[in-house]
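I opened my notebook for a friendly look through this model. Here is what I looked up, in the order I looked.

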Amino acid sequence: MQFEWQSIRRIWQPHRGLFWVMLALNVLSSALVWYVQLADPPGAIRWLLSLLALGNAGLGWWLAVRLWREGAEPPTP
């Protein structure tokens, strides 16, 4: 199967704010998981941070799907 760069362009859209929100959510989700694993907070805080990380990952996934479906549009001048 040949890799097509056009498929990457459907998500890689740095001219759109939606792209940067998606990246920020995914980075925040990763940072939350890293903190939970490293710091080992008490039960309630651990659950809250875990739910926030899952929520961020879900929103980031939803935005990635939205970017994928809309495709790359040329930047407006």
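**Overall layout**

I began with a count of elements: the protein chain has three helices and zero strands. Along the sequence, I read the pattern as α-α-α. I keep in mind that this is a predicted model.

Next I looked up burial, and found that buried residues make up 23% of the 77 residues in the protein chain. I also checked how far along the sequence the contacts reach. Among contacts with a separation of 6 or more, residues 24 or more positions apart account for 71%.

**Helix α2 by itself**

I turned to α2, which runs over residues 17–39. Its 23 residues should span 33 Å at 1.5 Å a residue, and I found its end C-alpha atoms 32 Å apart, which agrees.

Which residues of α2 are buried? I noted L18, F19, M22, L25, S29, L32 and V36. An α-helix has 3.6 residues a turn, so residues three or four places apart point the same way. That was a handy reminder while I read the list. As for what covers these buried residues of α2, the cover includes α3.

I also looked up S30, which sits in helix α2. S30 has a relative accessible area of 48%, so I logged S30 as partly exposed, the cut-off for exposed being over 50%.

**Helix α3 by itself**

Then I went to α3, residues 43–70.

**How the two helices pack**

Two packed helices are described by the angle between their axes and the distance between the axes. At what angle do α2 and α3 pack? I got about 155 degrees, with the axes 8 Å apart. That angle makes α2 roughly antiparallel to α3, because angles over 145 degrees count as such. The crossing in which α2 passes α3 is left-handed. I sorted the residues of this contact as well: 18 are nonpolar, six polar and two charged.

L52 and S29 are 23 residues apart along the chain, and their C-alpha atoms are separated by 7.5 Å. S30 and A57 are 27 residues apart along the chain, with 8.4 Å between their C-alpha atoms.

**The helix ends**

Where is D40 found? I placed D40 in the loop between α2 and α3, just after α2. Is D40 buried or exposed? With 53% relative accessibility, D40 counts as exposed.

The backbone here made me stop and look again. Most residues other than glycine have a negative phi. D40, although it is not a glycine, has a positive phi of about 50 degrees.

Just after α3, G71 takes a positive phi of about 75 degrees.

Methods:
Residues are numbered from 1 along each chain as its sequence is written. This is a predicted model: local features need pLDDT of at least 70, side-chain atom pairs count only at pLDDT 80 or more; totals for chains, interfaces and linings use all residues. Side-chain values use heavy atoms; hydrogens and water are left out. Axes are lines fitted to C-alpha atoms, for helices over the stretch in contact, and angles run from 0 to 180 degrees between N-to-C directions. Helices (H or I, at least four residues) and strands (E, at least two) are DSSP runs, numbered from the N terminus. Angles under 35 degrees count as roughly parallel, over 145 as roughly antiparallel, 65 to 115 as roughly perpendicular and the rest as oblique. A crossing is left-handed if the near helix is turned anticlockwise from the far one by less than a right angle, and right-handed if clockwise. Ala, Val, Leu, Ile, Met, Phe, Trp, Tyr, Cys and Pro count as nonpolar, Asp, Glu, Lys and Arg as charged, and the others, Gly among them, as polar. The expected span of a helix is 1.5 Å times one less than its number of residues. Buried means under 20% relative accessible area, exposed over 50%, partly exposed in between (1.4 Å probe, protein chains only). Contact means heavy atoms within 4.5 Å.
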